[in-house]
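Here is a short note to read beside the model. Please keep the view open and follow the points in order.

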Amino acid sequence: MKNQIKKIGFSGIMVLCIFFAGCSKTEDISPKLSSPPTTTAIWERYMYVDKTDTLYNSAQGKNAFSGYLRKYGFTGVYFYDTNVILASSSNYSNFSSFLKQLNDSGVIYRAAVKDKTDNFQPTGDVTRFNNSQTDPTKKINRANLELEWWNGACTWNTWNTINQGVNNGTISDNDFYEGWYENLSTTIDTIAARDQVRFSDRILLHCYQAGIPTYAYANAKSARATAGRLDIIAKGARQANKKIDLFIIISAENTAWGAANTFSGPVLNNAYLSGQANPYQYIEQQAYNNIYNSMTIFQKQWINFKGFVWFTKRYCYRAVPN
């Protein structure tokens, strides 16, 4: 705006004065990257954490990681690789202090990623660890199921039983990773989604794309599905009579960094290199505008868009160095 003012008369000056009186700031018309649409929203930001089994007992690693999460506004972490940690009580002190450090850095959700229900039962390793702690900030407070039935890791019926077991476990807050509504045998996909919604607090839906995640991908329809993924989830939520929280998983993978695929890693890195104060926020804003602003009224009625989860720490570190 400031670069567009030319010679004007007195009446033009009066008009501009009135205009600027209602504006708190001028618009930067020369961003280093193309500006995302102007819709602004507040959402949550989580990160998947790989190699937790080596991170939790490294003072330097813990300090760097907790500072990184605070700097970029992450409020949740999803831990892989905790089996060895939780197998022995000799590891509890270091792990619990790590959780406390994360909590003090603003990370209030600390999830264990598992592929079975046993861990979250009264005799499971997560429960044993939590029972050893009196300070709630030193506990795992979210259960996550990652078991890809759609890729043949198990049958849908087995997955459904396990998810219900996680829901009925000792951690009251549970969610799961969702890919595609395939390999459901005789179960209708909207019925599958109904059970998912009934026995979960939120869905983490992957949108692994090159570049910025889009609505077309978030609502993509599998070959044998009855509808797009967001439509299936919304229909399942309607049948369960429960509005479900939804997070979009963004992958920071890049083959240049050793990953098997390239997804959103390069655009995240470009946002960092261009000087964006929070590269994650910059990418999320565009993804939010792409997805949420294109969601149908029906989808919004039954889906509560809550935020983003980034996969995974190693690639996030490469895209946005700590």
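1. A term to start with: a residue is buried under 20% relative accessible area, exposed over 50%, and partly exposed in between (1.4 Å probe, protein chains only). With that in hand, D104 is partly exposed at a relative accessible area of 42%.

2. Some ground rules for reading. This is a predicted model, where local features need pLDDT of at least 70 and side-chain atom pairs count only at pLDDT 80 or more, while totals for chains, interfaces and linings use all residues. Residues are numbered from 1 along each chain as its sequence is written, and side-chain values use heavy atoms, leaving out hydrogens and water.

3. For the overall picture, the protein has 14 helices and eight strands (DSSP runs numbered from the N terminus: helices are H or I with at least four residues, strands E with at least two). Of its 322 residues, 51% count as buried. Taking contacts (heavy atoms within 4.5 Å) between residues at least 6 apart in sequence, 78% join residues at least 24 apart.

4. Now to the charged pairs. A salt bridge is a side-chain nitrogen of Lys or Arg within 4 Å of a carboxyl oxygen of Asp or Glu, and a search of the whole structure finds nine of them. Side chains of opposite charge can pair when their charged atoms come close.

5. Which residue does E284 meet in a salt bridge? The partner is R45, at 2.6 Å from N to O. This pair links distant parts of the chain, 239 residues apart: E284 sits in helix α12 (residues 279-291) and R45 in strand β1 (residues 44-49). E284 is buried, with a relative accessible area of 0%, and R45 also counts as buried, at 6%.

6. Two other bridges lie within single helices. K100 and D104 meet at 3.5 Å, N to O; they are four residues apart in helix α5 (residues 92-104), and therefore separated by about one helical turn. K100 is partly exposed at 28% relative accessibility.

7. In helix α8 (residues 189-198), R198 and D195 are three residues apart, about one turn of the helix, and their side chains form a salt bridge at 3.5 Å, N to O. Are these residues buried or partly exposed? R198 is partly exposed, with a relative accessible area of 45%, whereas D195 counts as buried at 11%.

8. Finally, do look at R142, D173, D175 and R202, which are linked in a network of salt bridges.
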